[in-house]
Amino acid sequence: MDIIFYITIGLLSLGMIFSIIRFIKGPTAGDRTVALDTMTTLMVAGLVLLSAVFDRFIYADVALIYGVLGFIGVIVIARYLEGAL
Amino acid sequence: MNYLVFIIGFLLLVLIGAALYAVYQKDLLYAVIATGVISLALTGLFLVLQAPDVALTEAAIGVALTTIIFIITIRNTVRYEDEKDNVKK
Amino acid sequence: MSIYEIIGGILILIGASFLFLGGLGIYRMPDVYNRLQAGTKATTLGAMSLILGVGVVKMEDSWTWIVKMAIIIIFIAISNPISSHALARAMYHRKRMPYIKGDPDKMDAYKDAVAEQEKAEDKKD
């Protein structure tokens, strides 16, 4: 079971590295916001995985709150870019 | 115990890189998006360092409230740093 | 290894693969709409599969994990398409051109369509 955790953490880190490269390179604000949205979903999956690794039931609450509230920042930035805030 | 060192080091690198990007960026909207990346890395770091209550507070405040307040500030003032002279009244 | 660990491990590996492909698509795609497609849909499926896999692995000990994992899956399925839709709508209202490889005629056709739509919106107001 440990080798599955190692492989998963490595794949999540690689996906986050690609998102950070897009965040630095991205030509406009839309590309950077897309990178932030992707990193939010990756981090929710990573928090659930860490709570399973530590075997603490209460740690999954952090992932729950992050999944509930994580999209508000992206929506506010998108409404500002649209010019309708 | 080796993978925890890897996770902490990776999240610290992301944190410091996003903070330097937010400081040296002239476009303030990009700096606000970098602030979201900072709060994301900080949440993961607090969870790895066995402080779930602090991570809960950081996830609630850093993601939603900070971004909303900074975006409203940018909308009421200016977006670029060079436009300091003609602030909208 | 029990049967729960085998099924959950396969689900976790499938989810991790889709999350990695989402990150790779963010880096490789040429346009903001394609990046939105790769970065939202693939990562939504990957996160759902990984969280379900964690719940199945922990189901051997207790049934409380799978309930909380189901709640997280429901919130991800609600909140992720909302942010994706808001971003695509903002980019569409800022008149960002999609990337069309090679054929310049299609690009002109899209520009004409955008101009016609602007004219119709002006007429409506």
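Axes here are lines fitted to C-alpha atoms, for helices over the stretch in contact, and angles run from 0 to 180 degrees between N-to-C directions. Welcome to a predicted model, in which local features need pLDDT of at least 70, side-chain atom pairs count only at pLDDT 80 or more, and totals for chains, interfaces and linings use all residues. Residues are numbered from 1 along each chain as its sequence is written, while chains are lettered from A and ligands numbered from 1 in the order in which they are written.

**View 1. H1(A) packs with H1(B).** Helix H1 of chain A (residues 2-25) and H1(B) pack at an angle of about 10°, their axes 12 Å apart. The two helices are therefore roughly parallel (an angle under 35 degrees). Helices are DSSP runs (H or I, at least four residues), numbered from the N terminus. Among the residues that meet are A:Tyr6 and A:Ile9 in H1(A), and B:Tyr3 and B:Phe10 in H1(B).

**View 2. Chain B touches chain A.** Here 25 residues of chain B are in contact (C-beta atoms, placed from the backbone, within 7 Å) with 29 residues of chain A. On the chain B side, helices H1 (2-24), H2 (28-48) and H3 (52-76) each give two or more residues. H3(B) provides the largest share, 11 residues.

**View 3. Chain A touches chain C.** Have a look at 41 residues of chain A in contact with 47 residues of chain C. The chain A side draws at least two residues from each of H1, H2 (29-54) and H3 (60-82). Its largest share, 14 residues, comes from H2(A).

How values were computed. Two residues are in contact if their C-beta atoms, placed from the backbone, lie within 7 Å. Angles under 35 degrees count as roughly parallel, over 145 as roughly antiparallel, 65 to 115 as roughly perpendicular and the rest as oblique.
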